[in-house]
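The following note sets out several points on the model under review. Please read each one alongside the coordinates.

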Amino acid sequence: TTFAFDDRVSLVTGAGSGIGRAMAFAFAKAGARVVVCDIDRERAERTASEIGDAAIVAAADISDEASVDALVESAISAYGRIDVLCNNAGIMDTMALPADIPVALWERVLRVNLTGTFLVTHAVLPHMLREGRGAIVNTASEAGIRGGTAGAAYTASKHGVVGLTRSVAWAYAKDGIRCNAILPGPTLTGIASAESVGSFDPAGAARLAPVLALGERMAQPEQMADAALFLASDAASFVNGAIVPVDGGWSAA
Ligand code: NAD
């Protein structure tokens, strides 16, 4: 029963595709009501309509403060509280190395992956504090603990997400709020085709290729969702500030 989410409310960002979509389905299946957030409204609507009555759509851009405030307001007005927050939305960089990455791309990747995760957390925390309960699961990456699995911007952004995870975990440990992160290895999703970042930087991709080849055993998004479900559940009631690789052993090498 500790894995059950009956009467709980889960907000999942980036739930229109890939890992977030699998998370939304997993929480709904476990009994939760789900707020399906994506910047792409059509994708969010597809996920929500496939889930059915237990889901609502909230199109929002996590990198925009006003949009995030509207997102959290719509979740609260629909369901009254937020028990689980999955900060999952994120974008790739082009694999560009530190000397080569355009500053505008650096700023965009940091803005979405790190500041976006912060903005949603910042807006949801007061509601969790009011309830005296909450579980946050951040989707970081192997690039949150290693330097050779992505470009400079993505790597720095995901290290930032790991730091934010630990900060929130420590700050609210006595308030009934837990915060953990998963570090997915390579997972079959839409992220590599992300329109927003363009094609790979050839120099960076070539230099990272040997590391990436070691992790070529691809995961399914559902395998990430299962780990997030555990961390968000009462089965993980004393797991707080954990940075959990979900990579088939890649980071153990
Ligand atoms: P995906 O591209 O399939 O899904 C990401 C979703 O997030 C998309 O639907 C997109 O529209 C949405 N999104 C993008 N920017 C947004 C914004 N500003 N506001 C709201 N929504 C936004 O990718 P995915 O692989 O499922 O990625 C999910 C998370 O997993 C990301 O944080 C990513 O960095 C992380 N991750 C993925 C892999 C992998 O191999 N796929 C590995 C490690 C970490």
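How many residues surround the ligand, and which are the closest?

1. Ligand shell. The ligand is surrounded by 29 residues, the closest being G14, S17, G18, G90 and T189; a residue is near a molecule if its C-beta atom, placed from the backbone, lies within 6 Å of it. The elements that give two or more residues to this shell are α1 (18–29) and α4 (103–131), and the largest share, 3 residues, comes from α1. Helices are DSSP runs of H or I with at least four residues, strands are runs of E with at least two, and both are numbered from the N terminus.

2. Basis of the model. The model is predicted: local features need pLDDT of at least 70 and side-chain atom pairs count only at pLDDT 80 or more, whereas totals for chains, interfaces and linings use all residues. Residues are numbered from 1 along each chain as its sequence is written.

3. Shell composition. By class, the shell around the ligand holds 10 nonpolar, 15 polar and 4 charged residues. Here Ala, Val, Leu, Ile, Met, Phe, Trp, Tyr, Cys and Pro count as nonpolar, Asp, Glu, Lys and Arg as charged, and the others, Gly among them, as polar.

4. Helix α1. The 12 residues of α1 reach 17 Å from the first C-alpha to the last, close to the 16 Å expected at 1.5 Å a residue; the expected span is 1.5 Å times one less than the number of residues. Of the 12 residues, 11 are buried, among them G18, R21 and F25. A residue is buried if 20 or more other C-beta atoms, placed from the backbone, lie within 10 Å of its own, exposed if 12 or fewer, and partly exposed in between. G31 follows α1 and has a positive phi, near 110 degrees.

5. Sheet. An open sheet is formed by 7 strands in the order β3-β2-β1-β4-β5-β6-β7, with parallel pairing; two strands pair if DSSP finds at least two bridges between them. β3 (55–59) and β7 (243–246) stand at the edges with a single partner strand each, so one side of each has no neighbour in the sheet. Neighbouring strands are turned by 20 degrees against each other on average, direction ignored.

6. Strand pairs. β4 (residues 84–87) and β5 (residues 134–139) pair in the parallel sense over 4 bridges, and N87 has N138 in β5 as its bridge partner. The parallel pairing of β1 and β2 spans 5 bridges, with S10 opposite V34 in β2.

7. Strand β1. This strand is largely enclosed by the rest of the structure, because 5 of its 5 residues are buried. V9, L11 and T13 cover one side and S10 and V12 the other.

8. Helices on the sheet. Helix α3 (residues 65–79) lies across β1 (9–13), β2 (33–38) and β3, running at about 160 degrees to β3. Helix α7 (residues 221–232) packs on the sheet and touches β4, β5, β6 (177–184) and β7, with its direction at about 160 degrees to that of β6. Contact requires C-beta atoms, placed from the backbone, within 7 Å. Axes are lines fitted to C-alpha atoms, for helices over the stretch in contact, and angles run from 0 to 180 degrees between N-to-C directions.

9. Positive phi outside glycine. D7, in the segment before β1, has phi near 70 degrees; D7 counts as exposed, with 10 C-beta neighbours inside 10 Å. M95, in the loop between β4 and α4, has phi near 75 degrees and is buried, with 26 other C-beta atoms within 10 Å.

Terms used: Contact = placed C-beta atoms within 7 Å.
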